[in-house]
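This report covers charge, overall fold and aromatic pairs, in that order. Please keep the structure in view while reading.

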Amino acid sequence: MPSVALSAFLEAARSGQHLLSFPTDTVPALAAKPEAAPLIYQAKERSFDKPLILMAGDMDDLWPYLLGSETDRATWQQTMEHYFPGALTLVLPASDRVPPQMNPRSPGTIGVRVPDNTVARSILRQTGPLATTSVNKSGQPALLDLTTIAQEFPEVFLPSPDALAELQATPADLTASGIPSTVIRWTGTTWEVLRQGAIVVPIQS
């Protein structure tokens, strides 16, 4: 799919019928509405054992998708306020609003993140939280620029240069670090590091 105007890009995202890609602070996202998560698995030829991440423009947009006591949520909020936006994914208990196809192997949990990227957050604020992962065939390195993504995944909607200008993209917004997010999981009492990525979290694993 060639790059499209911002209005067409957002319409494709909201429809729940298409895949899209946009820059983030780590690697570009391959994204869809949460209920359209199977499109991501199909495009990537990805095993259903591997969960997707729910990405949002703001922390508050994630709370309806999470399930926990007031004490747990206070702890999660403290961690979010310290690290969001940023390259940290929190794996937390999921509410029934999360489609099970986002994490078929363990549908009771969901990884959530707010990226530290102006373009990504602007898009997500207009689409609502999206199911995301890196853009690549399963087992292959993540693709890091929109031109290569357009060549390798022609069915994916991409924001045009004019769309990026409307989103007030800066050079930093279009440069992926190439390092995936750090992933930590809430065990019920503490955090467990599942993947060491772009940032180091000083917690017990």
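## Charge and surface

The chain carries 20 negative side chains and 14 positive ones. The centres of these two sets are 5 Å apart. The model behind these values is predicted.

Of the 205 residues, 50% count as buried.

## Overall fold

Secondary structure in the chain amounts to 10 strands and 6 helices. The chain has a radius of gyration of 16 Å, close to the 17 Å given by the globule rule for 205 residues, so it is as compact as a globular protein of that length.

The C-alpha trace spans about 45 × 30 × 30 Å along its principal axes. Among contacts with a separation of 6 or more, 65% are between residues 24 or more positions apart.

## Aromatic pairs

How are two aromatic rings described as a pair? The distance of the centres and the angle of the planes are used. Counting pairs with ring centres within 6.5 Å gives 2 aromatic pairs. In one, Tyr41 and Phe48 have ring centres 4.6 Å apart and planes at 25°; planes under 30 degrees apart count as stacked, so this pair is stacked. Tyr41 is buried, at 2% relative accessibility, whereas Phe48 is partly exposed, with a relative accessible area of 46%.

Trp186 and Trp191 form an edge-to-face pair, with 5.1 Å from centre to centre and 65° between the planes. Trp186 counts as buried at 12% relative accessibility, and Trp191 counts as buried at 6%.

Methods. Residues numbered from 1 in each chain as written. Predicted model: local features only at pLDDT ≥ 70, side-chain atom pairs only at ≥ 80, totals over all residues. Heavy atoms only, no water. Phe/Tyr/Trp six-rings, centres within 6.5 Å; stacked < 30°, edge-to-face > 60°. Buried < 20%, exposed > 50% of the residue type's maximum accessible area, 1.4 Å probe, protein only. Helix = DSSP H or I, 4+ residues; strand = E, 2+ residues; numbered from the N terminus. Rg over C-alpha atoms; globule rule 2.2 N^0.38 Å. Contact = heavy atoms within 4.5 Å. Lys, Arg positive; Asp, Glu negative; His and termini not counted. Charge placed at Lys NZ, Arg CZ, Asp CG, Glu CD.
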